[in-house]
Amino acid sequence: MPKTLSQMRKRLEEAMSQANDAEEIIPLLKKVIAQYELMPGDLFDQPYQAPKLAAQENAKTRSTEPQLQAVYQDGNGNTWAGRGRRPTWLNEALERGHTLENFKVPSKRVSRAK
């Protein structure tokens with residue numbers, strides 16, 4: 001804790017400088033995060049845990065939800081269910097000129113007996 005007026009001024013100047021740096025850096029970070037579709041796990045070593053809300057606490061957990069079927073697949077066994085962030089392998093293929101239709105998995109509809 002600063003004791004003298006000069007120490008307090010110095011600390012205030014440091015804090016203001018840090019705030020100005022943050023005002024310049026935060027928009028740049030947001031731009032890069034959006035550009036590369038980054039998720040918290042991509043940025044931090046520790047697993048990201050979103051703050052729990054009351055509704056989330058009573059909701060089903062992911063492990064009880066049915067596994068999504070692959071909608072897109074490449075020849076190397078990479079798959080994507082079409083939900084969430086588009087995977088790197090698919091983004092790279094799209095940049096090379098492929099379309100999503102090139103990777104679409106044929107629908108396997110099963111007719112149900114009546």
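**Close-up views of the aromatic residues**

**View 1. Two buried aromatic residues, Y72 and W80.** In this predicted model, both Y72 and W80 are buried. The structure contains two aromatic pairs, and one of them is formed by Y72 and W80, whose rings are stacked, with 5.5 Å from centre to centre and 25 degrees between the planes.

**View 2. The edge-to-face pair of W89 and F103.** The rings of W89 and F103 form an aromatic pair with an edge-to-face arrangement, in which the centres are 5.8 Å apart and the planes make an angle of 75 degrees. This pair links distant parts of the chain, since W89 belongs to helix α4 (residues 88-95) while F103 lies in the segment after α4, 14 residues apart. W89 has a relative accessible area of 16% and is therefore buried, the cut-off being under 20%; F103, at 10% relative accessibility, also counts as buried.

**View 3. The largest nonpolar core.** Six residues make up this core, namely Y72, W80, W89, L90, A93 and F103. Helix α4 contributes three residues, the largest share of the core. In soluble globular proteins, nonpolar side chains tend to be buried together.

**View 4. The surroundings of W89.** When neighbours within four places in sequence are left aside, W89 is in contact with Y72, Q73, D74, N78, T79, W80 and F103.

Technical notes. Residues are numbered from 1 along each chain as its sequence is written. This is a predicted model: local features need pLDDT of at least 70, side-chain atom pairs count only at pLDDT 80 or more; totals for chains, interfaces and linings use all residues. Side-chain values use heavy atoms; hydrogens and water are left out. Rings of Phe, Tyr and Trp (its six-membered ring) pair if their centres lie within 6.5 Å; planes under 30 degrees apart count as stacked, over 60 as edge-to-face and the rest as tilted. Buried means under 20% relative accessible area, exposed over 50%, partly exposed in between (1.4 Å probe, protein chains only). Helices (H or I, at least four residues) and strands (E, at least two) are DSSP runs, numbered from the N terminus. A nonpolar core is a set of buried Ala, Val, Leu, Ile, Met, Phe, Trp, Tyr and Cys residues joined through side-chain atoms within 4.5 Å. Contact means heavy atoms within 4.5 Å.
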